[in-house]
Amino acid sequence: MNHPARQLFETDVLVIGGGVAGCLAAIGATESGARVAVLDKGGLLERCGSIAAGVDQILAVAEDGPAWDTPDYLLRHVPKLTDYVVDMKPVETFVRGLPGMLRKLEGLGVPFRDPSTGKYFRHRTFGLPGEYHIDFDGSKFKPKISRAVIDSTAQVHLRTMAVNLLTQNNQVLGASAFHIRTGEFYFFRSAAVILATGDTNRLSRNTSGLPFDSWHCPYNTGDAQAMAARRGALMANMEFTENTITPKGISSQGTNSLTGLGAHFINAKGERFMLKYDPAGERARRDILTSAIISETLAGNAPVYCDCRHLPGDILTRLEETLGVDRPSLPRWFKEKGIDLKKEPFEVTVSEFSSRRGGVYFRGSGILIDQKTGTNITGLFAAGDCCTVSGGISGAAVMGYEAGKEAAKFSRRNGAGRRMQDQELEAEQERLFSALGASGKLSPGEYEEKIRQVVTDYIGYRRTEEKLRSAVERLRNLAAEEGILRARDGHELMRAHEARNIREVAEMVATAALERRESRGSYSHYRADFPNRDDANWRKMIVLKKGESGYEVGYRPTGVENPPEEKHHADIDQ
Amino acid sequence: MPILINEDLCVKGCTLCDQFCPGDIIYRLDLQKVPEIRYEEECWYCGSCEEYCPTDAVKIVFPREMLHSKTQAESLFGKAENDAQNKLEAPPKP
């Protein structure tokens, strides 16, 4: 068929993804004097990314007085918080960058301080050894940092999906992309590329059965992970998956603040069960909370409820005020369902799972980065939830900014790689648009449903060698069906590429989960056939590299030096 | 339909919901007509369109599956081929 025109762009730093990591990357790179292009699938930079609709808390080290409020203190606890599988060097870049980033974001106009007190409203959650989270009204967070990008020299290309990285001799040459409405083909030639497209969703089924009803942004589909992996980037920690607690029927963010502010979980017998699982109770790490709910359900104690009735009036008021900050529609859902959380417990369960960080801060599942956000591909950098250091919006901000600075430096020193030949671009355009107008039988939605079925049934939460082998095989067989995908327009072409990327990530999850013959991180990786943690053999990262037939598996040490009985243990239970 | 638009309140020429939708679901290509909900099954139900509509013309409508979910949560935890192996005596340790 006749393809629409193609456009070529040249830049020093190409940023793929316009969320928090991508925006801070663009800010870091433009501050260093680089020409920058930012691509995102969304229609408005202010509302691109996982927290497009808002955010209600940030992990912060403010150096505000308390002994725990320093990078050193937090760093000492990272090994235990990640069950000793974490890449300490880049995590150190993240944690040491936290105080500076808080000030930088405040400088961009983000209001972290409570306007009524002038202080940070801090609370302790997710098993962290101090009140590291600041509750704030983050409805303007993304618009503020986006404004800084729009006001800079960076060029922003919206409704633009990047599809493939182009490399030669393991060096980045640029990336191919297209406009999701006009179907125009783009090639961005760039010395350095920063991948920042976030996590992977639409991977498994949930209680509503609607794939786009997901906890995290359903339009984050592992685009960076898949495009990096296809070019031979090393991928790590892929076996760890993550879910959250959601009111039954809506997979929503925004429920963290409930447990952070003191809500209890009770089971069908009316028992408050969390203390059975963790001394921190409902303030335990996210993966421990979701695992406890899975365990209670499997033990026949479902339904499980969230109970806020005991909370004092001012906290309840605060809860109601902040419920819609992460997800504007959540208060309306409660209302339509007729639930008054001040008066009655409401049923909760676990969401579908995502590939992000296995329920713990600091250890991301994705593109393996070094302490300066570089990868094993020359000129390729990664930040945010698509890489091996993941830590909410502050992780994305610190590492994104670092990536921007580093990529600009790399670009200045090395210059762009060779120019692509016309016929190479033509071939790439042909590949990228192959589903468009094709008479293929399979819609992207139908294809994705097959992937979710395999992931839910054969990866799931009760993993065994037999099921995981089957998952790898089924997912690889599904790769062969990519050829019969059809797309009628640019939008459907985007969904077709997203489905391919989701399948690629699912294959990585299955492959790594099959390799890790132990259980670690509760249900983020639970092997029913190896139910115990095996520190002697598995305190290491599993690293994948795409080969001719499936992924090759390797290992990597973590850099965690403390023995399991670390001396700071006592701090945690204070 | 996950998103209802009140024709009487919707301001002609405004494209905010089209721009704010993170999923490329709402299209207002003809500025004189009511925005089209083109890919309704791909709605996140995030509520951004409703939240940012300057004239309150947009309303998110939750489907039955979300308000009255009948799914047994256990069916989402993976195939249980071997019940003895999968019935856990104790929860897994982190």
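This is a predicted model: local features need pLDDT of at least 70, side-chain atom pairs count only at pLDDT 80 or more; totals for chains, interfaces and linings use all residues.
Trainee: OK. What is the strand order in the open sheet of three strands?

Mentor: The order is β3-β5-β4, in chain A, and the pairing is antiparallel. The edge strands are β3 (57-59) and β4 (121-123) of chain A, each of which pairs on one side only. On average, neighbouring strands of this sheet are turned by 35° against each other, direction ignored.

Trainee: How many bridges join β3(A) to β5?

Mentor: Three bridges join β3(A) to β5 of chain A, residues 133-135, and the two strands run antiparallel.

Trainee: And what stands opposite A:I58?

Mentor: A:I134, in β5(A).

Trainee: Changing topic: which residues touch the most other members of the largest nonpolar core?

Mentor: A:I194 and A:A382 do, in a core of 171 residues. Helix α16 of chain A, residues 490-515, gives the largest share of this core, with 13 residues.

Trainee: What is A:A382 in contact with, leaving aside neighbours within four places in sequence?

Mentor: Its contacts include A:I194, A:L195 and A:A196. Also among them are A:A224, A:A228, A:I367 and A:C387.

Trainee: Now helices. At what angle do α1 and α5 of chain A cross?

Mentor: Roughly 35°. The axes of α1 (residues 20-31) and α5 (residues 141-150) of chain A come within 9 Å.

Trainee: Is that crossing left-handed or right-handed?

Mentor: α1(A) passes α5(A) in a left-handed crossing.

Trainee: Which residues meet there?

Mentor: From α1(A), A:V20, A:C23, A:L24, A:A26 and A:I27 meet A:I145, A:S146, A:A148 and A:V149 of α5(A). The residues of this contact divide into eight nonpolar, one polar and no charged.

Trainee: Last one, chain B. How many of its residues are in contact with chain A?

Mentor: 39 residues of chain B are in contact with 58 residues of chain A.

Trainee: Which helices of chain B each supply at least two residues of that side?

Mentor: In chain B, α1 (16-20), α2 (48-52), α3 (64-67) and α4 (83-86) each supply at least two residues of the side that touches chain A.

Trainee: And how do the residues of that side divide?

Mentor: On the side of chain B that touches chain A, 20 are nonpolar, nine polar and 10 charged.

How values were computed: Residues are numbered from 1 along each chain as its sequence is written. Chains are lettered from A and ligands numbered from 1 in the order in which they are written. Two strands pair if DSSP finds at least two bridges between them. Helices (H or I, at least four residues) and strands (E, at least two) are DSSP runs, numbered from the N terminus. Axes are lines fitted to C-alpha atoms, for helices over the stretch in contact, and angles run from 0 to 180 degrees between N-to-C directions. A nonpolar core is a set of buried Ala, Val, Leu, Ile, Met, Phe, Trp, Tyr and Cys residues joined through C-beta atoms within 7 Å. A residue is buried if 20 or more other C-beta atoms lie within 10 Å of its own, exposed if 12 or fewer, and partly exposed in between; C-beta atoms are placed from the backbone. Two residues are in contact if their C-beta atoms, placed from the backbone, lie within 7 Å. A crossing is left-handed if the near helix is turned anticlockwise from the far one by less than a right angle, and right-handed if clockwise. Ala, Val, Leu, Ile, Met, Phe, Trp, Tyr, Cys and Pro count as nonpolar, Asp, Glu, Lys and Arg as charged, and the others, Gly among them, as polar.
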